[in-house]
Amino acid sequence: LEQFGPDEFEERVRMCDSTFQRQGITFGVYGAAEGTERVWPLDLLPRIIPADEWSHVEAGLKQRVKALSAFLDDVYVGEQASLNEGIVPRWLAESADGYLPEVQGIEVPEGSRCTISGIDLVRDDEGVYRVLEDNVRVPSGISYVIENRIAMTRVLPVAFSKYRVRPVGHYGASLSKTLRHVAPSGISDPVIVVLTPGSYNSAYFEHAFLARQLGAQLVEGRDLVVRDHSVYMRTTHGLRNVDVIYRRVGDEFIDPVVFRPDSVLGVPGLMSAVRAGTVTLANAVGNGVVDDKGIYPFVPEMIRFFLDEEPILPNVTTYLPWEADQLDEVLSRLDELVVKPVAEAGGTGIVIGHQADDETLKRTADQLRADPRGFIAQEVVQLSTHPT
């Protein structure tokens, strides 16, 4: 950075922004008055994570996803030992917004329920990496990681000249290998498609990007049809069998025969093909049970139960309002805590106590009393700082 003056650095920033503009690297913002599409913002000052720190994070992420996948297998095709032994309260799991009894008994190839996972991390003011939440339904964001790196190497090559920076460009090949690995048994050269809700989805850029990375067709629900419990893609040469679907459509919209009958995003009969084992969905349907923030506090116990290990990455201290004593504490400290709806994502509905006005705090207290199962509360995490 000392090689640049402020003017040169600002010019690099403008170069990056114009590159993203030309390439259409955008994300959707629902409800934004200025329009739904915005150019992806990139801060050219990278956060450098030393290799020893990353090794710790990597091990913790692998451990966590492995435990989450084991729990999901236990709930849907196993003996439900974790529920029977109270590792996770049965009533809590079965009341989770993402729990789907319709998929009970459906095996997943290689046990890979969490084929692609998005675990939200923060680094606190003591340098400890903590997990904020788990996303194993339809996580998004990897395309921006890859495009960020490409832009950085072009616009600010000096950032890579003296450091051995781990590459991220192999993601497409890794994802392809993984999706091929989870194809139905006996398929040596599987046909893979990326299922998108369409161009109006906020992450559509990523859907198209990943289809290109995979060398796969980008399809919408209307492009697929189920015949005799197998999935086919409509092409100009007739129907073509599909073996693996990397889906970016939510569970409730994936099959109008089984879930929401008003859905036009999914494929009628798709779940019959999944149950028959002729097609693999990545990620598996039903994963949303562990995306419920009410399940989040129990993940450390899942790790101990399924893996017989101590958690590597800690959670944030969390309170459960459905426990009477914890509800009392939350209500008494509402102006100090963060309250989150258990079934929302992307920051929707979060109330940060010390930033909220009296009316908001009163409304939040009423909601907690009326529906304690619908919320969790957490201590405020003081985040580590980074120059920008």
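The model is predicted: local features need pLDDT of at least 70, side-chain atom pairs count only at pLDDT 80 or more, and totals for chains, interfaces and linings use all residues. Residues are numbered from 1 along each chain as its sequence is written, and side-chain values use heavy atoms, with hydrogens and water left out. The structure holds 23 salt bridges (a side-chain nitrogen of Lys or Arg within 4 Å of a carboxyl oxygen of Asp or Glu).

**Salt bridges within helices**
- Glu11 pairs with Arg14 in a salt bridge whose closest N and O atoms are 3.0 Å apart.
- These residues, Glu11 and Arg14, are 3 residues apart in helix H1 (residues 6–23), about one helical turn; helices (H or I, at least four residues) and strands (E, at least two) are DSSP runs, numbered from the N terminus.
- Arg90 forms a salt bridge with Glu94, with 3.1 Å between the closest N and O atoms; both lie in helix H4 (residues 90–94), 4 residues apart.

**A salt bridge between distant parts of the chain**
- Glu133 and Lys293 form a salt bridge, their closest N and O atoms being 3.7 Å apart.
- Glu133 is in strand S4 (residues 129–135) and Lys293 in the loop between helix H10 (288–291) and helix H11 (299–307), 160 residues apart.
- Both Glu133 and Lys293 are buried (under 20% relative accessible area, with exposed over 50% and partly exposed in between; 1.4 Å probe, protein chains only).

**Network**
- Salt bridges link Glu329, Arg333, Glu336 and Glu379 in a network.

**Surface patch**
- Ile48, Tyr163 and Val165 make a nonpolar surface patch of about 310 Å².
- Patch residues have over 30% relative accessible area and no salt bridge, like charges being joined within 9 Å and nonpolar side chains (Val, Leu, Ile, Met, Phe, Trp, Tyr) within 5 Å; accessible areas come from the Shrake-Rupley method with a 1.4 Å probe, and for residues only the protein chains shown count as cover.
- Val165 is partly exposed, at 37% relative accessible area.
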